[in-house]
Amino acid sequence: MPDPTYLAANWADVRRRVDEACHAAGRDPAGVTILPVSKTFDAETVRAAMALGLRRFGENRVQEIRDKAAALDGCGIEWVVIGHLQTNKAHDVARLASEVQSLDRPQLAVALHRQLVAAGRAIDVLVQVKTAAEESKYGLEPAQLPAFLDSLRDYPTLRPRGLMTLATHSDDPRVVRGCFRQLRELRDQAAARGHDLPRLSMGMSGDFPLAIAEGATEIRIGTAIFGQRPQPTVIPAAG
């Protein structure tokens, strides 16, 4: 079990920094939600975080959601998928997740809709848009967003609530802010076309003040709350 005092201190520090960033941007801190990202941390760490009143956690891998949901069954946790999602994981997502923030292509929308129909559920989704130059970053190309949003009207089990992005990894704050600004502008353009997308999920432990300055309504925070992520165990080769 991780030290609850350590988590409480980290959580208080993140809250303080969010408040400061909001005040610097002339925003109400109540307008920014913090999504704790528990990827790679075990179920007991999540349980310790729950003692702080947290009930909503972001995860990259569906396998981790399966394992932690089984260990924490009955705890009332809302699991949020924030990582790149393969269509063959749609069944587990439809069964376990409360929200997907990484919806980024038509094939995934179709797969999720089919599984959600079978499960008799509907979930909130955020469309992930690629605003960064790195090839390693996933997301829908900005030019494809209007048509994709229109197509989601055919899938009533998917409730579009906003957009999500990952900024370019850069030491230049102008480059990082440019990614966040682009997402906000895309949201505003979509609103002019009749799509109500109030949420902007952008910003992580290293860049969330810049995201808040550009209008983030939700930031995804892992390291600043939970500490450095556990390293995988390396088993020496025999001989």
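Colleague: In which helix is the place of Phe180?

Modeller: This is a predicted model, and in it Phe180 belongs to helix 7, which spans residues 173–192.

Colleague: Is Phe180 buried or exposed?

Modeller: A residue counts as buried when its relative accessible area is under 20%. Phe180 has a relative accessibility of 0%, and therefore counts as buried.

Colleague: Which residues is Phe180 in contact with, once its neighbours within four places in sequence are left aside?

Modeller: The contacts of Phe180 are Thr165, Ala167, Met202, Gly203, Asp207, Leu210, Ala211 and Glu214.

Colleague: How far apart in space are Phe180 and Thr223?

Modeller: From C-alpha to C-alpha the two are 20 Å apart, and 43 residues separate Phe180 from Thr223 in sequence.

Colleague: Which helix makes a β-α-β unit with strand 2 and strand 3?

Modeller: Helix 3 (residues 62–71) makes that unit with the two strands, and the unit is right-handed. The chain then crosses from strand 3 through helix 4 (residues 90–96) to strand 4, again in a right-handed β-α-β crossover. Strand 3 and strand 4 (residues 97–103) pair in the parallel sense over 3 bridges. Trp79 has Ala97, in strand 4, as its bridge partner.

Colleague: What span does helix 5 reach, and how many residues has it?

Modeller: Helix 5 (residues 106–119) has 14 residues and reaches 20 Å from its first C-alpha to its last, close to the 20 Å expected at 1.5 Å a residue. Gly120 follows helix 5, and its phi is positive, near 70°.

Colleague: How many salt bridges does the structure hold?

Modeller: Side chains of opposite charge can pair when their charged atoms come close. The structure holds 23 salt bridges. In one of them, the side chains of Arg56 and Glu99 meet at 3.2 Å, N to O. That pair links distant parts of the chain, with Arg56 in strand 2 and Glu99 in strand 4, 43 residues apart.

Colleague: With which residue does Glu99 form a salt bridge at 2.9 Å?

Modeller: The partner is Arg199, and 2.9 Å is the distance between the closest N and O atoms. Here too distant parts of the chain are linked: Glu99 lies in strand 4 and Arg199 in strand 7 (residues 199–201), 100 residues apart. Both Glu99 and Arg199 are buried, and Glu99 has a relative accessibility of 5%.

Colleague: Which parts of the chain does the salt bridge of Glu214 with Arg181 tie together?

Modeller: In this salt bridge the closest N and O atoms are 3.0 Å apart. Glu214 lies in the loop between helix 8 (208–213) and strand 8 (218–221), and Arg181 in helix 7, so the pair ties together parts 33 residues apart in sequence. Glu214 counts as buried, at 4% relative accessibility, whereas Arg181 is partly exposed, with a relative accessible area of 32%. Elsewhere, salt bridges that share partners join Arg56, Glu99, Arg199 and Glu218 into one network.

Terms used:
Residues numbered from 1 in each chain as written. Predicted model: local features only at pLDDT ≥ 70, side-chain atom pairs only at ≥ 80, totals over all residues. Heavy atoms only, no water. Right-handed = clockwise from strand over helix to strand, strands pointing away. Helix = DSSP H or I, 4+ residues; strand = E, 2+ residues; numbered from the N terminus. Pairing = 2+ DSSP bridges. Expected span 1.5 Å × (residues − 1). Buried < 20%, exposed > 50% of the residue type's maximum accessible area, 1.4 Å probe, protein only. Contact = heavy atoms within 4.5 Å. Salt bridge = Lys/Arg side-chain N within 4 Å of Asp/Glu carboxyl O.
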